[in-house]
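Here's a quick briefing for anyone meeting this structure for the first time. Have a look at the picture, then read on.

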Amino acid sequence: MTLNILQLPPELVAHVLRFLSSSDLATFALVSKQCRDLVNLEALWQHRCVQDYKYDGVEGWNLTYKEFYTKVLCKFGNCIGKWQPEIGHYGGLIDIKFDRGCIKGRECLPPVDPHVDQPLRIRPLFSIHLAEDLSKVEVFCLKGFNGLHKGQLSWGEDGQLLMFECSENNNHQHPEGKQKEFEDWLTQETGRPPSEFFVHGQELLLMKFLVTTQLGCSYPMMRVMEQPRKPGAVIQPGLFKGNYGGHGIEIIQLSYSDTENKAEGKKITGDPNVPANKVSLYIDLDHPMILTMGQQKTVELMEEIDIPELPPDIDLQHLPPQPFHVPDDCYERFSHPPTMCRARFHGQGQIAGHGFTNPSMSSGHFIIFDDNNFGFLWLELKSFSMYSRVQVFPCL
């Protein structure tokens, strides 16, 4: 005897339908009115929202779960996450997330130099929400000087590249001209008025201003793939803010190799010397070392002495604390760094000329203070940079 699935109890049929994809559900709904009624169950589409897009909130949207899935998630659900825009050497970081009744895209800028311990600066970029008649979802650009205006968000042909584009670039022209726009941007970028800058420092910032604003508000973005937490790691992977001299604070992504004995810091934001997407730091975790306070007096002394290395099979989670001191002949880009550290390793930092010419690796020390802070001592450059974890993306 053949059993018709519709002869089963409705709650059992609804449970079976949870295992069908959204396209299979659409096909099943065409079979009969009874099938269509079953497919329209709210609980079923709530399950699909969670299963396919890890989201379970329609508050503020004024939509059913099915409408939310078909009108919003199918088109924009895969946009949620962190993205890196392609803006010359500089890159960037964009965070796209659900908010009540909309999706928001936000530029996440490093804090003003030298305050690496401060949160990211957040700037509205775009919003996605329903049209007034609820018939479609619209994209609006939030940058510029004339309020909210039309924009568009689309996928590249390979499905990996996300493109945001403002549809009304005239809204990005400063009402008082380019010079005033630069002066305002400079103050926001540095926390200081333009009059306080020496010529070379202002030239670097002018170059960044011209490159990051000449595109108006139109650029492709690549997804930032975040490495999951790694049990036993001496410091967890993630995004960090670090000092880069005249280029200010930049964002890097710390990640581990498959064997976990090597780590690297790749630039999310960059500069004309070492651009975004280039590796800034390489770290060798095989051989931790311990230095006394006296051995850290100067960089020259550290290079002369034979620094003892601990056995490679030592438990990195239980290294003894050790003193830390920025060498006296070393330029310190961060005031009052910690005086104790959890671990120290050999590392290399990438340096290059303007336009990423003649890149080379410079020896250094990778110093871990705790799970949210590390430093890098550039031995050849006689410079110390502090890095602090990006822990929370502040709300607007």
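Helices (H or I, at least four residues) and strands (E, at least two) are DSSP runs, numbered from the N terminus. This is a predicted model, where local features need pLDDT of at least 70, side-chain atom pairs count only at pLDDT 80 or more, and totals for chains, interfaces and linings use all residues. Residues are numbered from 1 along each chain as its sequence is written, and side-chain values use heavy atoms, leaving out hydrogens and water.

**The barrel**
- Eight strands close up into a barrel, running E1-E2-E3-E4-E5-E6-E7-E8 with antiparallel pairing (two strands pair if DSSP finds at least two bridges between them).
- On average, neighbouring strands of this sheet are turned by 35° against each other, direction ignored (axes are lines fitted to C-alpha atoms, for helices over the stretch in contact, and angles run from 0 to 180 degrees between N-to-C directions).
- E7 (residues 161–166) and E8 (residues 218–223) pair antiparallel over five bridges, and methionine 163 stands opposite proline 220 in E8.

**A helix across the strands**
- Helix H5 (residues 65–76) lies across E2, E3, E4, E5 and E6, at about 45° to E5 (contact means heavy atoms within 4.5 Å).

- Most residues other than glycine have a negative phi, and most peptide bonds are trans.
- The bond from aspartate 113 to proline 114 is cis, with omega near 10°; proline 114 is in the loop between E3 and E4.
- Lysine 54 has a positive phi of about 55°, and asparagine 62 has one of about 60°.
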